[in-house]
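Look at the sequence and the model first.

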Amino acid sequence: MNRERIWDVFNVDADGLLARHQFRLAHPEPMENVTLVTGVKRDIALLARVVAALAATDAVADGWKIHVFDISFDRNADAVHSLLAAGAHIDYFDHHRAGLMQDHPQLHARIDESPVSCSSLLVDRHCEGVHRQWAIAAAFGDNLSAIAQAMAREAGLAPVQAAQLQKLGECLNYNAYGDSVSDLHYDPAHLAAQLQPYADPFKFIDNEEIVSRLHAGYESDMAEACDVAATHESLRAAVYRLPDAAWSRRVSGAFANHLVHAFPQRAHAVITADAAQRMTVSIRAPQHSPRDAATIATRFPGGGGRAAAAGIEAFEPGRLDELIAALEETYG
């Protein structure tokens, strides 16, 4: 019996989406042969869905090929170990914390926790730069603008082309944030399918309305966010609490990135409420000191991320003063 099954598991921000896209350009598979597992930005424990599928359909995963892009290993470690034990082979590309990583002959992990890395750059390295323009767009979307600009110059792109890739990356990244897929302009799986035929990002931009529609939404949501006054503000850190609205949840990550560029010496936290009134937080380290964001986030339930950018999924409003103090002390 042929048990082969292919899974692509990816974060739907620009980094995860375009890491997966580069990989599929280098390793083509018809869409109907691949099971996509994704969700909104904060859906991190995605491999649990693959484990659930395994439990529901089969006793073993011999022949399963699972490709993972831009989700924390530590948040998925138990699921990884279960799938490996069942016989699956896993390729893992990520730049978040991986303290629970263990060697296994069926696990091929390419993980770099450096603040100047992202999952798309790791896939770009794996693919030997064949689809680098997509990696440049992803780096822009993941707030690695200086690295993206340097890559664009090295690739011989004109400034106007670099600007197009920046807009593409930032717009795709903006689409990742929300309480549920209904908050987003585009369903993540739909985006992956729309990208599939395009090896050239400039043809994607020219032929699809996706970027123009996302840019219009981005501009509208960002204007709303920029009218919100800071809850706390100092030379070292600022905290913003956005109102309970779909636009707030959509723009929270983009607004945090905007603040980092506007005030590069300062750390930022952007707090939003989901539909169940649970609070989530996007944390950004200062641009000039991209460190310890994940260290702060992990002090709170549901916290995690990387050195330059992190998040808290289940923030307790009563701990706001503790969050402010952590930002002030860490970057003082």
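**Helix packing and strand pairing**

Q: In which hand does α1 pass α8?
A: The model is predicted. In it, the crossing of α1 past α8 is right-handed.

Q: At what angle do helix α1 and helix α8 pack?
A: Packed helices are described by the angle between their axes and the distance between the axes. Here α1 covers residues 14-26 and α8 covers residues 188-195. Their axes lie 10 Å apart, and the angle is about 35 degrees.

Q: Which residues of α8 make the contact with α1?
A: From α1, the contact takes in Leu17, Leu18, Arg20 and His21. By class, the contact has six nonpolar, one polar and one charged residues. On the α8 side it is made by Pro188, Leu191, Ala192 and Leu195.

Q: How many residues of strand β11 are buried?
A: Strand β11 spans residues 309-315, seven residues in total. Buried means under 20% relative accessible area. The strand is mostly covered, and the count of buried residues is five.

Q: Which residue of β11 stands opposite Ile283?
A: Strand β9, residues 279-284, pairs with β11 in the antiparallel sense. Five bridges make up this pairing. Opposite Ile283, β11 places Ala310.

Q: What is the bridge partner of Gly305 in β11?
A: Strand β10, residues 303-305, runs antiparallel to β11. Three bridges join β10 and β11. For Gly305, the partner in β11 is Ala310.

Q: How many residues does the hairpin use to join β10 to β11?
A: Strands β10 and β11 are antiparallel. A hairpin links β10 to β11, and the number of residues it runs through is three.

Methods
Residues numbered from 1 in each chain as written. Predicted model: local features only at pLDDT ≥ 70, side-chain atom pairs only at ≥ 80, totals over all residues. Heavy atoms only, no water. Axes fitted to C-alpha atoms, helices over the stretch in contact; angles between N-to-C directions. Helix = DSSP H or I, 4+ residues; strand = E, 2+ residues; numbered from the N terminus. Left-handed = near helix turned anticlockwise from the far one by under 90°. Contact = heavy atoms within 4.5 Å. Nonpolar A, V, L, I, M, F, W, Y, C, P; charged D, E, K, R; others polar. Buried < 20%, exposed > 50% of the residue type's maximum accessible area, 1.4 Å probe, protein only. Pairing = 2+ DSSP bridges.
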